[in-house]
Amino acid sequence: MRIEDRIAIEAPPAEVWAAVADPLAVSRAMGSGMTVTPEDPDRAAGLGARYRVLINVGAALVGGQVEIVEFDPPRNFAWVSFTGVSHRLRLRVRPSAHGSTLTLRFAYDAPGLLGSVADVAALPRIRGLIDGALRWVKHTIEEGTPPVSPGPSLLGRLTHELINVGVLVKAGIVAPMRPDKLARIALAANAWGATLATAVAAGAIRHPDREIVHDELSYAEMDERSSAIAIGLQQLGVGEGDAIGLMARNHRGFIEAVVAASKLGADVLLLNTAFSGPQITEVSRREGATALIHDAEFTKLLTGARRGRRRVIADGEAGDGGSVSLAQLAAEHAGERPPPPGRAGRLTMLTSGTTGTPKGASRGAPEGSRIPSLDAPAGLLDRIPMREGIRIGLAAPMFHAWGLSNFALGAGLGATFVLLRTFDPQAWLQAIDEHRVQALIVVPVMMQRILQLPQDARARYDTSSLQVVSASGSALPGDLSTRWMDAFGDTLYNLYGSTEVASVTIATPEDLRAVPGTAGRPARGTVVKLFDEHDDEVRQGETGRIFVANSALFEGYTGGGDKTRIGALMSTGDVGRFDEAGRLFVEGRDDEMIVSGGENVFPKEIEDVLARHPAVAEAAAIGVQDEDFGQRLKAFVALRDGQSVGEGQLKAHVRDQLARYKVPREIVVLDELPRNAAGKVLKRQLAEPERD
């Protein structure tokens, strides 16, 4: 494929040449559509200079390593790839009556690279990049400053979403159906927007008798019950725009509550089941919750938070003296349906709070956009083979962004969910066996707990039905991915993201076999860049702060404040690096780096090495103050059952694999590492003085 365009610029050829005859200049002109990293940053552009180039053509990254093969000032400049997808870029500057003419030509030789539909659909995207680059150069030269980017064109967005639709068609979310069903789904979407209420209603229309919760409830029953519950909540005084605090484990009541709230246009505050009473009271006050829906087991814990708030029990048939239950509301208002609200309900998820007080991160249906993006589901389904009607074991907690996003995705796929209220490794193996679970949604610590079971206990269960194991919520430690796939097959997908930025990168089983521990490549519709402390992009292979742009960035913390942003890119709060294949490695939190004796140290590297010791089940490292070195490393480990190891042996294990300044000065053995309900290690607890 070859595309060429040209533009007239009112400037002499030498001036135009000076602005474009460098791959880094071309990258600036292309904006987020191209990333260029010099192989030798000290070498000026010229014949033989080499760079790593990635060009986002919408459905894939076209690129690899390139070399300048033509450099004829001030006339011709060209590079050709010698690794990756074969492509060529050529710039030509010629004098004209009013200045110069600049021509840009791009070609790649990869028939079928993107698939037959995507190859055709990518053409407008590439043309848009070339046209935008030429206009950028013209404006910069003639006006003296770069133009303000207007954002992607309508045609470009349509093209991008067309490819997204193709991904959803392949997965079965989008499928041919009778016109009356299509009209009913459209009415539901118009009533409730891009919420879980619409997903469940669509499931009730497409496959009403299919179970949404295994052995408990069909899609049609869930739709009817949630409508009745919405009416009941309304009569209790909960209305459009009100905030409902929800504290429940993974069961049907959690789903009923969220869907019912969506049908009212109410907002839902997802409360962590591991919160203390004072935390719940403070978060409920801060976020303005007017009602609480909770499991009966949390009644005493909510003593402070429930004062002055309406309460509903999420599980059981009846509440205590001061509350009713979802089951009661569903029975009392069976057959009733609420009118469409005037707004779409929003979800407020709480950050994990591993380094401080949890913050509310609000997320809702996109507004003010003529083309709502399908990047979120397409980004996952483009890389992870989950298909319509799949049976999903949802082990990750639904109050967490990872668990909830997989419920939303599964509901769109018409999935049947297998739910257990608490995580027990053997119980989940039994559930996979009994219910023939095809996709298991976990956080990494759950994988560790399953692998810690004795081999004979694991061998009792048939897990051959598993096609996908999706892990996220925290980094994969040590060689966990290899040990898991050796035990359960090459079905593991590792996702990196956060409450604030949603899904960022996805590592496939092939990625994890090649380089265990990688977070993978950027998901479809996501741009990832690494910046240094001066907000400049780092060179290939160097560590930098991770910044992300996608359609699912959160809107800011509900209590005020935001993540650091550079243009359209938002900080994840982590640092990482890309390898030569474009795979991301997350090296830790940007505020966890310590400087020991003048050397920068990221704790995760030490944690991974310790976790690979045969006696160690899990490890964590933190920085503590040191009079001589400023800071020093202190590590904590939990051992495998029946194992013992000395501190000196562990230090020697680290010293054998890493530089001496990365060896912890102290290694403490604990029974287990403190974790939150989503499986993340609570390092602030490790840093508490009583542990010293």
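Analyst: On the α7 side, the residues that meet α8 are Met222, Asp223, Arg225, Ser226, Ser227, Ile229, Ala230, Leu233 and Gln234. Their partners over in α8 are Arg252, Ile255, Glu256, Val259, Ala260, Lys263 and Leu264. Sorted by class, that contact is made of eight nonpolar, three polar and five charged residues. Ile229 and Leu233 are among the nonpolar ones from α7, while Arg252, Glu256 and Lys263 are among the charged ones from α8.

As for how the two are set, keep in mind that this is a predicted model. Helix α7 covers residues 219-235 and helix α8 covers residues 252-264. Their axes come within 8 Å of each other and cross at roughly 65°. If you're looking at the handedness, the α7/α8 crossing is right-handed.

Zooming out, this pair belongs to a protein with 20 helices and 33 strands. Of its 692 residues, 54% count as buried. Taking contacts with a separation of 6 or more, 62% are between residues 24 or more positions apart. The accessible surface comes to about 28,900 Å², and carbon and sulfur atoms account for 50% of that.

One more helix to check while you have the model open is α20, residues 683-686, where you'll find Lys683. Lys683 counts as buried because its relative accessibility is 15%, and the cut-off for buried is under 20%. Its side chain makes a polar contact with the side chain of Glu607, at 2.6 Å.

Key
Residues numbered from 1 in each chain as written. Predicted model: local features only at pLDDT ≥ 70, side-chain atom pairs only at ≥ 80, totals over all residues. Heavy atoms only, no water. Axes fitted to C-alpha atoms, helices over the stretch in contact; angles between N-to-C directions. Helix = DSSP H or I, 4+ residues; strand = E, 2+ residues; numbered from the N terminus. Left-handed = near helix turned anticlockwise from the far one by under 90°. Contact = heavy atoms within 4.5 Å. Buried < 20%, exposed > 50% of the residue type's maximum accessible area, 1.4 Å probe, protein only. Polar contact = N/O pair within 3.5 Å; in protein donor to acceptor, adjacent residues only side chain to side chain. Areas by Shrake-Rupley, 256 points an atom, 1.4 Å probe, with all protein chains shown as cover.
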